[in-house]
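Student: I have a new structure open and would like to learn how to read it. Can you take me through some features?

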Amino acid sequence: ELRPPLSTVYGPSDYMEFRSQLEQIDRLLQKSGAEERFIMDFIRRNESYATRIPFLSTALRTQILLHLTNESYRTLAYRLADSELFRWFIGVNVLDGVKTPSKSTIHRMEHLWSAEEIAALIHEINKTVSDSQQSKELLHCDTAIEMKELYADSTCVKANIHYPVDWLLLRDAVKSLIGSIKLIRKQGILHRMTEPGSILKEVNRLSIAMTRSSRNRAAKKERKRIFRRMKKLLKTVNRHAGRYYDILNENWSKTDWSEKQAAQVLNRMSNVMEQIPAIIDIAHKRIISEKKADNAEKILSLYEKNVHVIKRGKMDAEVEFGNGFYLAEQKDGIIVDWDFFKDRPPSDTQIVKESIERIRKRHSLTSYATDRGFNSKQNDKLLESKSIFNATCPRNCAELSIKMKDENFRNAQKRRAQTEGRIGIFKNKFIGGKIMRKGYDNRESKILWSIFTHNVWVIARIVNENYQKKIEEQSQAA
């Protein structure tokens, strides 16, 4: 009741459209009751938050803004403090004063809810807008949003890592360990070693030489020579790091660090040191022995464990590094089903069965359209047994020619082509091309919040279109 209305603004059309979408999202969260139920369910599991309902509402709405604008924590903290519209949306623009979340608070807000809780919220919103009894009030339309016809595709969501060249991992290991050693030395813990700055200069010099060696006629011989020097340098740094690790572990109480801060440095060092034998062996195998390494044994990043080599076969990206991602959308673009793979993603043909089982638990599926990568005889039999119209593109050209004579199949495939664009919108607008999160759990949380924000964004656009049509019809009738 202390939430003042927004000021009247005669601004550019882009701003007015964005503002209208936020107003419709606000209306959707309140009218559907999804926000209240989501918060109360959380309080039942976490009684300590019973007196912090406004904070939980702000946390939920801040995540919508974070993923709708695709800003960093720091930049969004600036915008929340500066924008009346943003403060109104998250509910802090009250009469008794304004206090907006800091970047650290926004980060904590993102991890308040588990992946299962966020997924349940997505399904609840989808169920609400597909309910014919609530659609008239929520959507300004007599008909609900249908979830019967789905269009599916898969992609790779790139992780925030550089291209994993073998010798670059050696350089990364040296720089990471030297960085930790420098932090320890600043705390007054010293042990005899070469000046850390000179070691960094040496590894950078060797990296530049390795890059230039490809232009040399005797490239293979030169690369092997440089690699042996890098390997020797890394082993030396690893010995120094081991000594500093032991000294810090025993004497951290003599530093200005807390136990958690010291543990963070120790864990970072141990993570790198444990992987050094493996990255040296793999690089030796490829550079010295000139043998190929299996994708399963490759280390793509020193810090990202659940990142995989995914062969996409695209014109601009034959191979990508990240996690497999599958989504199924309905005709208006709302994402109904998804899967973000922690391990190496299965083939597209293996995804279909589990996806259909998940979808049928919540919606009555009548049509399922994909590209030819999902097509198989087993999937054809599965769709036929479930009485679902099979709009998957056949691999056989003769069979495709026969199916193209069916108007329903042609329309489904024509609409399925838009799913490629949906993936592009989702990855570029809501994720930002790469997920700027470390660890699979954090990346999964980012994916789920992005799906939720994407869906309420799409629903808000539908509501705005229905509302404009309603006004036009009323004016024509008058």
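This is a predicted model: local features need pLDDT of at least 70, side-chain atom pairs count only at pLDDT 80 or more; totals for chains, interfaces and linings use all residues.

Student: Which residues of α10 are buried?

Tutor: Use the cut-off here: buried means under 20% relative accessible area. In α10 the buried residues are Pro196, Ile199, Leu200, Val203, Leu206, Ser207 and Met210.

Student: Why do the buried residues of α10 line one face of the helix?

Tutor: Start with the general idea. An α-helix has 3.6 residues a turn, so residues three or four places apart point the same way. Now look down the axis of α10. The buried residues fall within an arc of 125°, so they line one face. Lys201 and Arg212, on the other side of α10, are exposed.

Student: What covers the buried residues of α10?

Tutor: The cover includes α9 (166–186) and α11.

Student: Now a loop. Where does Thr255 lie?

Tutor: Thr255 is in the loop between α11 (219–251) and α12 (259–288).

Student: Is Thr255 buried or exposed?

Tutor: Apply the cut-off again. Thr255 has 8% relative accessibility, so it counts as buried.

Student: What does the side chain of Thr255 reach?

Tutor: The side chain of Thr255 reaches the backbone nitrogen of Trp257 at 3.3 Å. A polar atom of that side chain also lies 2.6 Å from the backbone oxygen of Trp252. Then set aside neighbours within four places in sequence. Thr255 is in contact with Gln187, Ile189 and Leu248.

Student: Which side chain makes a polar contact with the side chain of Glu110?

Tutor: That of Arg437, at 3.2 Å. Again leave aside neighbours within four places in sequence. The residues in contact with Glu110 then include Gln63, His67, Tyr73 and Trp449.

Student: How many aromatic pairs does the whole structure have?

Tutor: A search finds 11. Take Phe42 and Tyr49, whose ring centres are 5.2 Å apart. There are 65° between their planes, and the pair is edge-to-face. Phe42 has 3% relative accessibility, so it counts as buried. Tyr49, at 19%, therefore counts as buried too.

Student: Why is the pair of Trp449 and Phe452 edge-to-face?

Tutor: Check the angle against the cut-off: planes over 60 degrees apart count as edge-to-face. The planes of Trp449 and Phe452 are at 70°, so this pair is edge-to-face, with ring centres 6.1 Å apart. Both residues lie in helix α17 (residues 440–477), three residues apart, about one turn of the helix.

Student: Which residues form one aromatic cluster?

Tutor: Phe38, Phe42, Tyr49, Trp113, Trp449 and Phe452.

Student: Last, charges and rings. What lies over the face of Tyr151?

Tutor: Arg415 does, at 4.8 Å from the ring centre. For another case, go to Tyr303. The charged end of Lys438 sits over its ring, 5.6 Å from the centre.

Terms used:
Residues are numbered from 1 along each chain as its sequence is written. Side-chain values use heavy atoms; hydrogens and water are left out. Helices (H or I, at least four residues) and strands (E, at least two) are DSSP runs, numbered from the N terminus. Buried means under 20% relative accessible area, exposed over 50%, partly exposed in between (1.4 Å probe, protein chains only). A polar contact is a pair of N or O atoms within 3.5 Å; within protein, one must be able to donate a hydrogen and the other to accept it, and residues adjacent in sequence count only if both atoms are side-chain atoms. Contact means heavy atoms within 4.5 Å. Rings of Phe, Tyr and Trp (its six-membered ring) pair if their centres lie within 6.5 Å; planes under 30 degrees apart count as stacked, over 60 as edge-to-face and the rest as tilted. A charge sits over a ring if NZ of Lys or CZ of Arg is within 6 Å of the ring centre and within 35 degrees of the ring normal. The arc is that of the directions from the helix axis to the C-beta atoms.
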